[in-house]
Amino acid sequence: MTFHWSVHHLTEYLSEVSGQQDETLAIRVAAERAAEALDAEVAVVIVAGKVRACVGFGLDDPPAALTRNARAGGTLLVPGTGNLHTFAADLGRDIEGTLVVARVDEPLVAEELQMLHGMAKMLGMAVRGLRTLEAERILREAREREAQQRLELLEAVRARQRLVETLLEIQRAISSRKPLPDIFDIITSGASGLVEGWGIVLVLTDPAGQDPPVIASRNGNRTCDDVAVRVGAAAAMAAKRVVCQTTDGHGADGVLIAAPVLVAEEIVGSLVADLPARLGNAAEWRAVLTAFAQQVSLALTDVRTIAAMREAFHDPLTGLANRALLLDVLEQAIGESNPATNDVTVIYIDLDGFKAVNDSSGHQAGDELLRLVATRISSCLRAGDVAARVGGDEFVIMLEHADQAAGIEVAERIISAVKEPFHISGREMFVAASAGVAQKRPSCTDAAELLSTSDIAMYQAKQRGRGRAVVFEPAMKAAIHARMELQGDLRRATGFQEFSLQYQPIVSLGTGRPIGVEALIRWNHPQRGPVPPSEFISIAEETGIIRELSRWVLEQSARQASEWRKAIPGLCLNVNVSARQIGFRRFPAEVAEILAGTGLPSHALTLELTETALMLDPEAALSHLRELRELGVQVSVDDFGTGYSSLSYLRNFPVDEVKIDRTFVAHMDRSADDLTLVRAIVDLGRSLRLQTVAEGIENTRQLTTLRELGCGLGQGYLLAQPMNPPDVQPYFLRRLPILTRASTADNLDAGRPGA
Amino acid sequence: MGVVRPSTRWFGVGHSTASDAGDACAEATASAIGGRDAAILLVFTSRDQGLAAMAEAARAGVGPNTEVVGCSTFGEFAPSGLVSNGVVAVALGGSGVSVRTAVYRNAAGRQREAGTEVAETVGSTGRPHEVLVMIPDGALGRHHEIIRGAYSIVGAGIPMAGGCAADLSYVKTHQFYGDHSRVDVLSGSVVAALIGSDGPIGVGMAHGWRPYGEPMSLTSSEETRIYEFDHQPALDVYLRRIGRDASIANDVEAMKELTLSYPLGLARRSGEDIRIIYFVDPADRSMVCFADVHQGALAWLMETDRESLINSGQQSCSQAVSSLNGTQPIGVIAFNCGVRKKMLEDGVSEEIARIVEPAQGAPVAGFYSMGEIARIRGARGMHHLTSVSLAFG
């Protein structure tokens, strides 16, 4: 069966030899398996004259006699091994080599020799195959190298493209004024993307000058900690150039490349790349990092410029445009506006009641209120509209492509928005807004002029009762000039020689008898003659003269009434108190002093306040009115129904009387609504046990109606016109001819609820 | 010049079945050494407990010039016969004996390297006769590569003998390695001892197996797994050849018996290179051997009988003794396949008695192994189901 053995052994031999990875291994296995298969002690493979494998001699070289003339065969006595019969076979075509086998004592038989030749051929085949594979592998590797080089080239082009794209993205972020932290993140993330996702850290000096520098942004994988990064950043900032440092964080060697960041030649920080050593040595990354550091510089420079611009053109408190910027954009808008349509409109807003908030709650609350007002104003505007704060509590809005009607609409929207309560430091505060609306006129070429016309309109709005919008009319200009003059005259008139008091009786509608008088101030202008209070009271309030004027009125009238009460006991005195006056800290004390100084009993005095005056600073008003109530002084709400008309203040404030505004009384007989309102006020007074006084009764119809409604007291031309002091006492005495002094006093006092 | 004293060589065997492992080893060691200065102590035990105590006892029982090697076994025997669950110690010494030992730890996956390194480490004893005794872990696999590695270093001038460490529980085998300062109990290692002697050393081997039926061609295999014989599923061909039903493939125990009785023999010039089939996979009808089987090889099923096995043991010893070229043997170490012991069952005593016969009264001791090593002629040295004898003259 040996023929079977040898043939099959060749197959097994081939499968083992050809299964080897490389030529050296294949040759070694070939020698070993040949020796094993032939039960030979020795096997040697010689290729190109060199012994490539040798089995059987241990660590010793095969005897030269064996290798020198291997093909010759023969016997060889090897000490320690024995008498070796050697046989050789060529590896075959293209391979200059021999497989030599030597067996102790037993020569190879023919079949074994045949098998040796087969094995040699198979080794030759295997070696050729491996060499071909090797050649192919080398070729393939060369091709792959070329392909790799092409890929690398392509990658280099792509990397350059990525760099450009990343830089462009950063430029876009800077030019679109993205928030600075966002820009920093785009820069660090972009740079990290270019360095295979390794760490990029932006370190900036703390604007407050504190130590250590701030890490403004970071992205990517890191090899070291923030401390090392800060050290690297500090080195670059000190050297004012790119620096490289090695690190050994987390057991892996790394390199920090830090590039300084400059703004206007001032070092403000450093952009640091935290890279593994293999990347950190590339000069290219230094260039890339420098490019990105420059982007940080650009972003910071841009922001600083913007900040400087903002400072120059914006109101630091509200962030709105300031007067300078407003005038600038207004100038441009006027220049660009369509001469046919003149579609630039300006709204001038002034807050009503802001000073009271500022005075009573402090500047901080005032500032907060202004910020909130600015926010509300902005919320009423379109994207292209410009809002500016031009003075303490003055705002201007410029509307482009908007006519007067649009201006009114926006103004009213703002007025409504500002009217809503503000919550500041846990307190509810109220202000109102008066608005002047002015559209560019064809003749107008100047921003300042347009602004001025809106200011005049705003002034008119204030004059007409506040909390409203008024459109500019040319006549207002003349009026404002007149007003300016009046203001000067009023200042000059302080000495009160030009002022006088008139008294209008207040009559019981039930009995037709007068029960008291309301003191009315008169200004007799030396040139213009009498000036109505509606014209000069507001000027007096604006100029601050009101305080002295009010005190003068109260003192004069109290002295006068006290005098009259000697003949007409029970005569009551009503005196108007301005909105500004009630807020004065010493107001209750001043009233007490005057009452004491003039001898007028407190219960004979009624102070009249408007609803607006009460609401300007409700807390101060409430406090002062309570003090006055303690003195025994009465409080009347003047012009009831024209202002807030809040039921809650009637309940909360110590009020004794409401006066129905003359406008309701005047229209009462023509307007069902007004009649309903008057009836409601009278009913309300009855319910709350308040005296009701109807003002401006001019005809008997009105009188009859008011009597029918149950209104207690009245004033008006029908009943009695305002009169000079000498006429008052005779008037009263005429109406009370049959009464004794005492009974007169009783009767008169009975007319008042607080009596 | 001084007086040239004739060199002395002695061979001692000791065994013990003392219940305490340490005591057993101490007794066996003391008995083997007999108060002499040994060059080497070989310790074999089929116990799987108390190995550390045995190592310590061996260490304590040897002098400063003694190398200690050994292993766990499927069973061991002394001249008196099989030593059940005990310890057998073999000591070799005298002025004519020199020993150098080496170990390669954690050899799994580095078999060739292990064989190369231990052979390099032992170097040479300078004695005219040398044998490289190798004791690898039997569970390492690819033992052929260990022997090829060693052969590439020692060459044809030094024969090899030895046996693979075995384990009765088939879980983990152990090797002893050390000297009087320390003896380690290892696993997964290759232990080697180069024994040099002024007297001749003979190695013999025989297996007693013969081809059964017609040869088959391995048409599909991969490393140690055979998928096909003659282009048909290997397991089906195998069972058909021995006339068993295919359904037996799912009976693990029955298959184990069957594959031990009918191993595979790969055609070699000087006989068959036996492969033990240790696992069959009914799912893909493949069979897995202990050693590599290469595609293209010619193979037979092998069979044996009780008499052939017993005879082969004697044959192996006889071959070893006759290699001493007439020198009286001083002792024989036998490395016998564990499967033989299992197959012979109560015939083991007879086998041992027959092995001892050719020793001419010299002590014979050895162990049942998991793979046998004998390189006498040619380059092959790894065998299975074989009886290897190492005789010292």
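The dialogue below tests labels against values in this predicted model.

Student: Why is Thr247(A) called buried?
Tutor: The cut-off for buried is under 20% relative accessible area. Thr247(A) has 13%. Therefore the label buried applies to Thr247(A). Thr247(A) sits in strand β8 (residues 243-247) of chain A.

Student: How far is Thr247(A) from Gln364(A)?
Tutor: Their C-alpha atoms are separated by 52 Å. Along the chain, the two residues are 117 residues apart.

Student: What makes β2 and β3 of chain A edge strands?
Tutor: Start with the sheet. Five strands of chain A form an open sheet in the order β2-β1-β5-β4-β3, with antiparallel pairing. β2 (50-55) and β3 (74-78) each have a single partner strand, so one side of each lacks a neighbour in the sheet. From one strand to the next, the twist averages 25°.

Student: How do you know that β3(A) and β4(A) pair?
Tutor: Pairing needs at least two bridges. β3(A) and strand β4 (residues 82-90) of chain A have five bridges, in the antiparallel sense. Therefore they count as paired. Leu76(A) stands opposite Leu84(A), and Val78(A) stands opposite Gly82(A).

Student: What lies between β3(A) and β4(A) in their hairpin?
Tutor: Three residues. Gly80(A), in the turn, has a positive phi of about 85°.

Student: Which helix lies across β1, β2 and β5 of chain A?
Tutor: Helix α2 (residues 23-37) of chain A, running at about 45° to β2(A).

Student: What makes the pairing of β8(B) with β12(B) qualify?
Tutor: The same cut-off of at least two bridges. Strand β8 (residues 129-136) and strand β12 (residues 190-197) of chain B pair over eight bridges, in the antiparallel sense. Therefore the pair qualifies. One of the bridges joins His129(B) to Ser197(B) in β12(B).

Student: Which sheet holds β8(B) and β12(B)?
Tutor: An open sheet of six strands in chain B, ordered β7-β12-β8-β9-β24-β25, with mixed pairing. The edge strands are β7 (97-104) and β25 (382-383), since each pairs on one side only.

Student: Which residues have the most contacts inside the largest nonpolar core?
Tutor: Phe499(A), Leu573(A), Val591(A), Leu605(A), Leu607(A) and Leu706(A), in a core of 105 residues. Domain 3 (323-473) and domain 4 (490-750) of chain A each give this core at least three residues. Another core lies apart from it, with 92 residues, including Met115(A) and Val118(B).

Student: Which residues does Leu573(A) touch?
Tutor: Among them are Tyr503(A), Val517(A), Leu600(A) and Leu605(A), leaving out residues up to four places away in sequence.

Student: How many residues does the contact between chain B and chain A take from each?
Tutor: 27 residues from chain B and 32 residues from chain A. The area buried between the chains is about 2,500 Å², and carbon and sulfur atoms give 50% of it. In chain B, Arg148(B), Arg269(B) and Arg377(B) lose the most area to chain A, together 27% of what that side buries.

Student: Which residues of helix α6(B) are buried?
Tutor: Met255(B), Leu258(B), Thr259(B) and Leu260(B), in residues 252-261. The buried residues of α6(B) pack against α5 (234-241), β19 (277-281) and α8 (338-344) of chain B.

Student: What separation is found between the centres of domain 1 and domain 4 of chain A?
Tutor: 137 Å, taken over C-alpha atoms. The assignment gives domain 1 as 2-138 and domain 4 as 490-750.

Conventions:
Residues are numbered from 1 along each chain as its sequence is written. Chains are lettered from A and ligands numbered from 1 in the order in which they are written. This is a predicted model: local features need pLDDT of at least 70, side-chain atom pairs count only at pLDDT 80 or more; totals for chains, interfaces and linings use all residues. Side-chain values use heavy atoms; hydrogens and water are left out. Helices (H or I, at least four residues) and strands (E, at least two) are DSSP runs, numbered from the N terminus. Axes are lines fitted to C-alpha atoms, for helices over the stretch in contact, and angles run from 0 to 180 degrees between N-to-C directions. Contact means heavy atoms within 4.5 Å. A nonpolar core is a set of buried Ala, Val, Leu, Ile, Met, Phe, Trp, Tyr and Cys residues joined through side-chain atoms within 4.5 Å. Buried means under 20% relative accessible area, exposed over 50%, partly exposed in between (1.4 Å probe, protein chains only). Domain bounds come from an automatic or database domain assignment. Buried area is the accessible area (1.4 Å probe) that two parts lose on being put together, summed over both.
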